[in-house]
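The following note sets out numbered remarks for a colleague who has the coordinates open.

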Amino acid sequence: MRKICAAAELVERGLAVRFSVTRAGRPRAALAIRYGGQVFGYLNECAHVPIELDFNPGDVFDLSREYLICSTHGAYYQPDSGVCVGGPCVGKRLQAIPLVEQDGAIWLSEENEA
Ligand code: FES
């Protein structure tokens, strides 16, 4: 497993931690967030156009801290499912990257590096 960050770094509905994963041999930007006490990982790409969600690094929660928001055209996503619930890509979803919280850290399993 590859360590992404210390568990304490990932604050509830706070800034996301950016990391990268390999997909089809290519590095891709990804995000880890904490929501409802759980950790979620997603490719850092809007489901609408593959642009990174955060304009300011890690800043993906909207003002209500209830949704993730794409800073480019304003799509809203449910943090726990990645489903778009508002904006140009309603019904589509972010690509999930399963992360593990263990021993005070957040980890990416090797199976994610496909
Ligand atoms: S690129 Fe994300 S809403 Fe359009």
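**Note on the predicted model**

1. *Surface.* The chain exposes about 5,900 Å², of which carbon and sulfur atoms supply 53%; accessible areas come from the Shrake-Rupley method with a 1.4 Å probe, and for residues only the protein chains shown count as cover. Buried residues make up 45% of the 114 residues, where buried means under 20% relative accessible area, exposed over 50%, and partly exposed in between (1.4 Å probe, protein chains only).

2. *Basis of the values.* This is a predicted model, in which local features need pLDDT of at least 70 and side-chain atom pairs count only at pLDDT 80 or more, while totals for chains, interfaces and linings use all residues. Residues are numbered from 1 along each chain as its sequence is written, and side-chain values use heavy atoms, with hydrogens and water left out.

3. *Secondary structure and overall form.* The chain has nine strands and zero helices; helices (H or I, at least four residues) and strands (E, at least two) are DSSP runs, numbered from the N terminus. The radius of gyration is 13 Å, close to the 13 Å that the globule rule gives for 114 residues, so the chain is as compact as a globular protein of that length. That radius is taken over C-alpha atoms, and the rule is 2.2 Å times the number of residues to the power 0.38. Along the principal axes, the C-alpha atoms fill a box of roughly 35 × 30 × 25 Å.

4. *Contacts.* Of the contacts (heavy atoms within 4.5 Å) between residues at least 6 apart in sequence, 49% join residues at least 24 apart.

5. Two strands pair if DSSP finds at least two bridges between them; β5 and β6 (residues 76–77) pair in the antiparallel sense over two bridges. L68 stands opposite Y77 in β6.

6. R13 lies in the loop between β1 (2–6) and β2 (17–23), and at 25% relative accessibility it counts as partly exposed. R65 likewise has a positive phi, of about 65 degrees, and is not a glycine. R65 is placed in the loop between β4 (38–43) and β5, and is partly exposed, with a relative accessible area of 29%.
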